[in-house]
Amino acid sequence: MTRALFVVSEEGYWGEECIEPLATLDEAGLDITVATLTGEPPVVDERSVDPDTVGEEISEMVLEYDNNDDRLANPKPIATVDAADYDAVVFPGGHGTAWDINTDRHARQLLADAVAGDDGVGLVVCHAVGLLGFTHTESGEYLVDGREVTGFPNEWEADIIDDNDLMGDGRKLPYLTEDEVIKAGGQWDAELDSETSVTVDGDLITARGPESSAAAADTLLDALGIETPA
């Protein structure tokens, strides 16, 4: 059975970016494991389950999983999992990833191992794409150097943070995803004129944001050679 590992933020994951791929891969019959940095359950960003923000359907879907899914309720500590045990490693986005997953050494190793060689695939979504600004290959080069990549753009961030990079909840965003990926050598194109943006470069798949979650899941299944559920 094809196996996938989801690495989800304890500081605030964006509901659709996690649950849309999770539900799609469930429907396709994959065996899915969830990991967080400490092994505590991931925390959903409340904005991503606000019906006025994301719509009733998405809100209900995310809350159903977040409240009832045993894998989300009982994740593995990230230090105890190995990319070699999975066919795909998925990093859902959300601003929370900027404070936990993206700079964690075990997360970086999982992504590097998933993309290395011919046996694994890495899917990184939205703010989790910032992980590429901190991930190196075994030889010490940035993993993203020279790769085509999409992710959450600075232009959209400007509508969320103030002039001091403070978010509405008072937290200071430590860096901008686009800036870090470009500085690491990524060939950035968030395709702002398109409704969705999913980029494939070898075994690395990146997705821009919530509206690209479904397309990202389908792209991952295609990379794994699995037919997309009807």
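Let's start at Thr137, which touches Tyr142 and Leu143 once residues up to four places away in sequence are left aside. Keep in mind as you look around that this is a predicted model.

**Two loop residues**

Thr137 belongs to the loop that runs between β5 (121-125) and β6 (148-149). Its relative accessibility is 26%, so Thr137 counts as partly exposed. Where does Thr137 stand relative to Ser48? The two are 89 residues apart in sequence, and their C-alpha atoms are 33 Å apart in space.

Asp82 sits in another stretch of chain, the loop between β3 (76-77) and β4 (88-91). With 39% relative accessibility, Asp82 counts as partly exposed. Asp82 and Asp113 are separated by 31 residues in sequence, and the C-alpha to C-alpha distance between them is 8.5 Å.

Here are the two C-alpha pairs side by side:

| Pair | Apart in sequence | C-alpha to C-alpha |
|---|---|---|
| Thr137 and Ser48 | 89 residues | 33 Å |
| Asp82 and Asp113 | 31 residues | 8.5 Å |

**Aromatic rings**

How many aromatic pairs does a search of the whole structure find? The search finds two. One of them is formed by Phe152 and Trp156, with ring centres 5.6 Å apart and an angle of 80° between the planes. The pair is edge-to-face because 80° is over the 60 degrees that this class requires.

Another ring to look at is that of Trp99. Arg171 lies over the face of Trp99, at 4.0 Å from the ring centre.

**Helices α1 and α3**

Now for a pair of helices. A packed pair is described by the angle between the helix axes and by the distance between those axes. Helix α1 covers residues 15-27 and helix α3 covers residues 56-68; their axes come within 10 Å and cross at roughly 70°. The helices α1 and α3 are therefore roughly perpendicular to each other, because the crossing angle lies in the 65 to 115 degree range for that class.

Which residues meet where α1 contacts α3? From α1 come Gly15, Glu16, Ile19, Glu20, Leu22, Ala23 and Asp26, and from α3 come Ile58, Met61, Val62 and Tyr65. Sorted by class, this contact has seven nonpolar, one polar and three charged residues.

Methods
Residues numbered from 1 in each chain as written. Predicted model: local features only at pLDDT ≥ 70, side-chain atom pairs only at ≥ 80, totals over all residues. Heavy atoms only, no water. Phe/Tyr/Trp six-rings, centres within 6.5 Å; stacked < 30°, edge-to-face > 60°. Lys NZ or Arg CZ within 6 Å of the ring centre and 35° of its normal. Axes fitted to C-alpha atoms, helices over the stretch in contact; angles between N-to-C directions. Helix = DSSP H or I, 4+ residues; strand = E, 2+ residues; numbered from the N terminus. Parallel < 35°, antiparallel > 145°, perpendicular 65-115°, else oblique. Contact = heavy atoms within 4.5 Å. Nonpolar A, V, L, I, M, F, W, Y, C, P; charged D, E, K, R; others polar. Buried < 20%, exposed > 50% of the residue type's maximum accessible area, 1.4 Å probe, protein only.
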